[in-house]
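This briefing is intended to be read alongside the sequence and the coordinates. The points are grouped by topic.

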Amino acid sequence: MLAKQILFRPAFIKNCAALTRTYHGGHHKVATMNDLPVPQGDWQEHYQKLQSKYNAILATGVVMLLAAVGLAKSTGVIRFNYSPPKSLD
C-alpha cells in the first residue's frame with residue numbers, strides 16, 4: 001500500500017498541473033503609463049463646480065436638521081432641559 005503511494009505520487013502531481021485552470025490565455029497586454037487617461041479641461045473649474053454642488057447638499061442637510069429639531073421642540077416631543085420644569089407632572 002505504501003509502495004503504491006510512493007510510486008504513483010509523482011504521476012499524480014504531474015497530472016494535477018494539467019487539471020489546473022489558467023484564464024490569462026497568454027495574450028495579455030502589459031499596461032504602461034501611456035494607457036492612463038489624460039486629464040482634459042480646467043481642473044479649477046471642475047473643482048468649483050463640484051464644491052458648489054457639495055455645499056448645496058450640505059446646506060440642505062443643515063436646514064433639514066434644524067427644521068426637524070425645531071418641529072420636535074415646538075410639538076413637545078423633545079425637551080432640552082435647559083431650565084427646571086414648571087411642574088412636576
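Is W43 buried or exposed? W43 has a relative accessible area of 63%, and it is exposed because that value is over 50%. The model discussed here is predicted. The chain comprises 2 helices and 0 strands, and buried residues account for 1% of its 89 residues.

**Overall composition**

- The chain exposes about 9,200 Å², and carbon and sulfur atoms contribute 66% of that area.
- Of the 89 residues in the chain, 1% are buried.

**Helix α2**

- Helix α2 runs over residues 43–75 and contains 33 residues.
- From the first C-alpha of α2 to the last, the helix reaches 48 Å, which is close to the 48 Å expected at 1.5 Å a residue.
- Just after α2, G76 adopts a positive phi of about 85°.

**Annotated span**

- An unreviewed UniProt entry carries the annotation "transmembrane region" for residues 54–72.
- In the model, residues 54–72 are 100% helix and 0% strand, with the end C-alpha atoms of the span 27 Å apart.

**Aromatic pair**

- The structure holds 1 aromatic pair.
- This pair is formed by W43 and Y47, whose ring centres are 6.5 Å apart with an angle of 55° between the planes.
- An α-helix has 3.6 residues a turn, so residues three or four places apart point the same way.
- Y47 has a relative accessibility of 44% and therefore counts as partly exposed, the value lying between 20% and 50%.

**Salt bridge**

- A search of the whole structure returns 1 salt bridge.
- K29 and D35 form a salt bridge, and their closest N and O atoms are 3.3 Å apart.
- K29 is exposed, because its relative accessible area of 59% is over 50%.
- D35, at 42% relative accessibility, counts as partly exposed.

**Nonpolar surface patch**

- L65, V69, V77, I78, F80 and Y82 make a nonpolar surface patch of about 620 Å².

**Segment after α2**

- N81 is located in the segment after α2.
- The phi of N81 is near 55°, a positive value in a residue other than glycine.
- N81 counts as exposed, with a relative accessibility of 58%.

Methods
Residues numbered from 1 in each chain as written. Predicted model: local features only at pLDDT ≥ 70, side-chain atom pairs only at ≥ 80, totals over all residues. Heavy atoms only, no water. Patch = residues over 30% accessible without salt bridge, like charges linked within 9 Å, V, L, I, M, F, W, Y side chains within 5 Å. Areas by Shrake-Rupley, 256 points an atom, 1.4 Å probe, with all protein chains shown as cover. Salt bridge = Lys/Arg side-chain N within 4 Å of Asp/Glu carboxyl O. Helix = DSSP H or I, 4+ residues; strand = E, 2+ residues; numbered from the N terminus. Expected span 1.5 Å × (residues − 1). Phe/Tyr/Trp six-rings, centres within 6.5 Å; stacked < 30°, edge-to-face > 60°. Buried < 20%, exposed > 50% of the residue type's maximum accessible area, 1.4 Å probe, protein only. UniProt positions renumbered as here; feature names shortened; annotations may be inferred.
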